[in-house]
Amino acid sequence: MKRSFITIVALAALLTSCQEFEPVVTFKYDDPANYGSSLAGNVVKPGEITPNCTIAELAALYKNGQPMEITENLIIAGRVSTTDKPGNFYKSLYIQDESGAIELKLGKNSLYNDYAPGSLVYVKCGPVIDPATGYKTLKGLYLGSYGYKTGNYGGNGMVQLGCEDPTGSYETSYMELDYIIKSHVFRGLPTDIQPVEPAVISESDLPAATATLAKCPYLGKLVTLKGLTYGNQTFTLLYINGNESNKNSKNRVFLSDKTWGIDTWAMSKTNFLAHLTAGDWDEATIGNSGDTNYGTVGSTKIDYVKETDPVYIENLEKSADYVAQVYKTVYGTVMPSTADWKAEGEKLKEKWCRYCLVNNANGYSVSQYFNLGSKEIQLRTSGFSKFCDAAIPQSVLEGKATVDLTGILTLYQGSIQFVVNSLDDIKINE
Amino acid sequence: MSKKVFLALAAFLCSVSLFAQGLPGGVTAKVVNRAGRVPVQGATVTLSQGGETVAQAVSDQDGKFLIEFLKNGTYQLAVNAEGFLPANVNVSVEGFVRDLIFISLVAENVVAEVDDSNFAEFDMEDSGYSDNPAILYGSNDPYNNIVGYGFSDIRFKNRGFNSENQDVLLAGIKLNDAITGYSPYSLWSGLNEAMRAKDTTIGLEAHDGSFGGYNGVTNILANPSSVRKGWRFSVLSNSALYRLRLMANYASGELDNGLSYAVNVSARLGGNDWVQGIYYKSLSYYLGVEKKFDDVHRLAFMTFAAPGERGAQNSSTQEVYDLMGDNMYNSNWGYQNGKLRNARVRTTFEPVFVLKYTATPTEKLTANAAILFRTGMNGYSALDWYDAADPRPDYYRNLPSYFWLDDEVLRQDMNRDNPFKYAAAKEAWTYNPNVQHIDWDHLYNVNYASEGGRAKYVQQERRTDQNDLNFAASAKWLTNSWFTLTGGVNARMNRTEFFQTVRDLLGGEYFVNIDNFAERDFAFSEAKVQNDLDYWMAHGSAEKIGKGGKYGYDYYAQVRNLGAWANTKFDLGMFKAFVAGQLGYTTFWREGLLRKGLFAGLDDNGREIVVDGIKLTSYDADGNVISSKGKSEAPKFLTGSVKTGAELDFTGGHRVYANVGYFQDAPKFNQAFLSPRTRNSLIPNLTTVKTAAADINYQLSNNGYEVRLTGFWAFIKDQTDMMSFYDDSHNSFSNMALSGINERHMGIELGFKVPMIVSGLNLQGALSAGEYVYTSTPTMTETIDNSAEVVVSDAPVTYWAAHPVYAKGADGKYIIDEFGNYQVEKVQKHYVPSTPQLAANLALNYRTSSYWFFTFGANYYAHSYLDMNPLYRTELAVVGPDDHLTNAVRKEHRMNWYMNETVINQGLSPDEISYMASQERFAPACVVNLSIGKSWYIQRKYNFGFSLEVKNMLNNRGIKTGGYEQTRLVSSQSYERYYRFDSKYFYMPGANYMLNLYYRF
């Protein structure tokens, strides 16, 4: 019996692994080492990676409209000039060296946690080779451009580094995967933060529609523009129905050429709904330029509604409850109990676009136009930025005050665009 | 046999001796199993007076015994039988043979041990689904004996019922969780010895201590005098749950001074061979003391708890399991400084205190009263993050399938067309532990680098701390030989605080108490994103939360129950019957302790709250203020239930009985609120759950043959369900409230034990074959925590109970009739999930006279279904973005599954229905098990033994034990349809062992 007992206990002990008892015996887990000392987490010491190429030299490899894989072992280094913390940059960051700047399409949220403004970033652009086998484990990054367009109204865009986009929708795609990012993108020591100082530039430094880094070294760089005046126009593209392609002309409403009552730097969902239900955009036409046979936001053509959403029409004719629900959606208030629901239903038929826009409400990017001398500059902001609903001071709107902007200078189809990191980058000159 | 002969002889000699004295007094009774009143043959009956044995007898094959020729006076009658707990009865002899009618024995749990810790902690909290094990106990029933433990590996739910339908009593108090209704087995997990004594009923059977429901009653006696006398030590090791369990138990039995006491302690420690990250660090204790004051009064006090930690197991998609080459992969853990750490840990310390008083003023009247108080903490940790990347390793955007699909049509329509990233993701998942598991080091380093020490990642703890006060009283009165009346009252007052704390700052210095879900949409308003608006208004900034601090949400769930029940039993020898009824009253309400910026409600003076020109007070569609703070409306439910049963007993141990009942149950708190974390709003159409149930049974118990065959039926109406899950498309928790869920459960169960030719060899088996289906079209309302909007309002879940399957010809094309309509081949039912609807066991059991035992058998499981996501059964999801159905077509389709080209042109096709609405059925599985054990008796005093069980001997690692559909839709490039997210699964461990060594004296 004793022998059996010992055998059984010994067997049980043999089958036990130490690791499974770690959570049992660990009452407090020790804090992991800081990357600054451990050099883990893709952090590299100074000199461990040596750049062999400037950003301008890399960007110069790109030919308009021809995204390309970087097949050579090219290494660039630069300091981060942007932050996505306030939410105006999204899934990408810019780095710059003496020669120029480039956008890294990392494809992750909250990049500032790992890539703080002023931190040093190295990018090994070429293919990743397994040192043990000599085999290529990852392709090289792709150079491409966002916003390049040919034709009379076209021009250059901004050079980016990302991955291949086999769908052809864009010239490059986001890196997205940690594995890809960490195979190509390396961070300097967390203690080595040197904030990028913006270059103050003037109208003459601004890029032409066909400019490249070779011609305009400020492209993609953090710069300050001084003394801009408000251009009295915005640009916003609304999508009517979330269940239809954003590319369909009849699913689009352009708010352009005037301000459309938008007096904030950008527009949150709440602000968007406020404008809609106030009727600020009722006059805006549905469809791309030259394709405006669908009516407007406030007065959609009934034939178009019948074709697109006949149930909407039918329900408005048959159901008082439905009319009341649409009424509340469209006007933001409860339908008076004394109202004639059939008459209201008739009126609401042409409010279909507004009804859809409310149901598909979201935060929207807004471009506010400013002028620097004779040059027009589009200030781009995101509807999800933390300052989106901050009002543009009345003095600016009325042209009584100018603004100084600090941000990233880019080109989009040859037009100058400007993206600020935060509201602090907009200085009002009263 | 020699013992029986000796006892019979002794009884005979005593009888002869007393007869010679010409004494007419005596005592007689029938010894029966409390479960089913089956006669117990061979029970030893010892009559004593003043500690001296006066007479002994042994019950015959009908369970009867007779002791005659007694002097007048009071005697103590002790009844002992193998497999049953001892029973003690006081008897007054007054010059005639007193017929005690029945002495009911409670079965000792002779089947292998099963308790809450037999079930891994499945991490389903953010999925919207729940998985609470339903445990079936033995009670010497041939079916329950096998099913209770034998099917626990598949998480079997008897008759398809959830655990909230099973009444669990402790010391006579119904202890199902006040908030969820779940069986509260975790409260005494690991205390197998102290909680071993139970009396149980099956299905609708009447129970002496409560009204019971339609899914049986388990009453755990828990008093020290019911704990097995003596010392017992055991060491248990197993490879599928926790490595080591150490247990010690001592019970005094009833001492001469009427005192009994018992102590039971245990520790469960370690992980297992199959799921990394699962571990137990749990202790359990039980202390009980009981005093019998005289022949009438008895008072007992018990306290117990199971404090400790359990690491939880997460489910993943099949893609992840395949990438890891392991169906038992657990995404909840990672290495921190090289040590394994689980992010999802259940930490509990919920002590329970029970005071129970029993009075037996006469032999025919027994009364009990008990007070039970449960308190303490129950926490469940999880990672939380603010403005940082999703740290979950198996987040769908990290997986290869996010970048590439083999099916060309799907690849194009779902825009998953990047083979390079697919290959990279696959490579990373294959080789990189920081991709496969949580990268704790990275989370810490993000916090280290964060400006001002503000933590971006924390480990939170979601707390559910109950204060639960219960009272129950019952009485049993044997009015005469054929009529027994039992009845009782009960009351419950429960206050459960739901809140969230920072368990670990992960290297950060503080966490900020804002609603990071709301910040995305309301970043412009600092007030709106506050979790504690009152604090923000008083201090001008959100609170900085340190370790242990509360944040996020904090509210009380207040529940009050009152009940009364009565049961009348008739016993006319061969014919028995009962009629029972119950009345109940339930009310509950939410009491918000924080004012959230999003649902600020009205201020203390009843005015709207406006901050910086922004109105924070919001209203629902009916114009009611939506409020997070203060008391909600308190719905009230009056319920009534009745049940009745009849039984015919035949000679030879045959018994036929049938029961029928109608039950009303109030909805539970956790099913009643749209978004309890954030607001006071109740779900629409809240009503009582109505159940009609019936069963008919045949039972045989004779000469070692044990058989039970049951047919059962139940119809459950008007259930509600509330699913709350993290939805990263909304960056928030989504809440789906379902109303009007009806189910029908019917089937048969068979249990048998048949002696074979060889002595000690038995063939035993169990079969549960049922059909548990949904029968209604419920309605669904969906809300999001960070918005007052109702995303889906009271919409029918058209394809919940069934979906049409349209006929196809030999060419694979749909058959269209002369009118252009598609032919419905069948209406495919949808099934109640998460349990096999067909489960069977067959085994050979051999016991030797030298105390060896062997059991070798196999279980077969089939007809198991995946938990359904209601969203996938709505027209919204099935028809897709191109929903242009006219009202007439929609109505026609709902009525008779109308389908033709018109319907297809309006956006709905047979393929879409089949793809989106179908329910996954798991493949059948067979599991082979072997048990072996032996006991050694030393000097007739010490007992040492072991049992070794090898489960799933064929090492089948592809058996799904559960899972769920993710509650998300994937958009298509064509805008014509939606796609599903991949489902997630749990699997059964492969070959595993459980070894138990015990020593008792």
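This is a predicted model: local features need pLDDT of at least 70, side-chain atom pairs count only at pLDDT 80 or more; totals for chains, interfaces and linings use all residues.

Reader: Let me begin with a helix. Which residues are buried in helix 11 (residues 887-896) of chain B?

Author: A residue counts as buried if 20 or more other C-beta atoms lie within 10 Å of its own. In helix 11 of chain B, the buried residues are Val889(B), Arg890(B) and His893(B). Looking down the axis of helix 11 of chain B, you find these residues within an arc of 100 degrees, so they line one face of the helix.

Reader: What do the buried residues of helix 11 of chain B pack against, and which exposed residues does the face turned away from the buried side carry?

Author: The buried residues pack against helix 12 (901-905) of chain B. On the face turned away from them, helix 11 of chain B carries the exposed residues Ala888(B), Lys891(B), Met895(B) and Asn896(B).

Reader: Which residue follows helix 11 of chain B, and what is its phi?

Author: Here is the general idea to start from. Most residues other than glycine have a negative phi. Helix 11 of chain B is followed by Trp897(B), and the phi of Trp897(B) is positive, near 60 degrees.

Reader: What is the phi of Arg159(B), and where does Arg159(B) sit?

Author: Arg159(B) has a positive phi near 60 degrees, in a residue other than glycine. You will find Arg159(B) in the loop between helix 2 (142-150) and strand 10 (167-170) of chain B. With 29 C-beta neighbours inside 10 Å, Arg159(B) is counted as buried.

Reader: And what about Ala171(B): what is its phi, and is it buried or exposed?

Author: Ala171(B) is also not a glycine, and its phi is positive, near 55 degrees. Its place is the loop between strand 10 and strand 11 (173-174) of chain B. Ala171(B) counts as buried, with 24 C-beta neighbours inside 10 Å.

Reader: Now for pairs of helices. At what angle do helix 8 (residues 310-318) and helix 10 (residues 341-349) of chain A pack?

Author: Read the angle and the distance between the axes together. Helix 8 and helix 10 of chain A pack at about 165 degrees, and their axes are 8 Å apart. The two helices are therefore roughly antiparallel to each other, and their crossing is right-handed. Helix 8 of chain A contributes Ile313(A), Leu316(A) and Glu317(A) to the contact, while helix 10 of chain A contributes Gly345(A), Leu348(A) and Lys349(A). By class, this contact has three nonpolar, one polar and two charged residues.

Reader: At what angle does helix 9 (residues 320-331) of chain A cross helix 10 of chain A?

Author: Those axes cross at roughly 50 degrees and come within 9 Å. That makes helix 9 of chain A oblique to helix 10 of chain A, and the crossing is left-handed. The contact includes Val323(A) and Tyr327(A) of helix 9 of chain A, and Trp341(A) and Glu344(A) of helix 10 of chain A. The contact residues divide into eight nonpolar, one polar and one charged.

Reader: Finally, how many residues of chain B are in contact with chain A?

Author: For an interface, count each side, then ask which elements contribute. Here 57 residues of chain B are in contact with 54 residues of chain A. Helix 7 (440-449) of chain B gives the most to the chain B side, with eight residues. That side divides into 25 nonpolar, 19 polar and 13 charged residues.

Conventions: Residues are numbered from 1 along each chain as its sequence is written. Chains are lettered from A and ligands numbered from 1 in the order in which they are written. Axes are lines fitted to C-alpha atoms, for helices over the stretch in contact, and angles run from 0 to 180 degrees between N-to-C directions. Helices (H or I, at least four residues) and strands (E, at least two) are DSSP runs, numbered from the N terminus. Angles under 35 degrees count as roughly parallel, over 145 as roughly antiparallel, 65 to 115 as roughly perpendicular and the rest as oblique. A crossing is left-handed if the near helix is turned anticlockwise from the far one by less than a right angle, and right-handed if clockwise. Two residues are in contact if their C-beta atoms, placed from the backbone, lie within 7 Å. Ala, Val, Leu, Ile, Met, Phe, Trp, Tyr, Cys and Pro count as nonpolar, Asp, Glu, Lys and Arg as charged, and the others, Gly among them, as polar. A residue is buried if 20 or more other C-beta atoms lie within 10 Å of its own, exposed if 12 or fewer, and partly exposed in between; C-beta atoms are placed from the backbone. The arc is that of the directions from the helix axis to the C-beta atoms.
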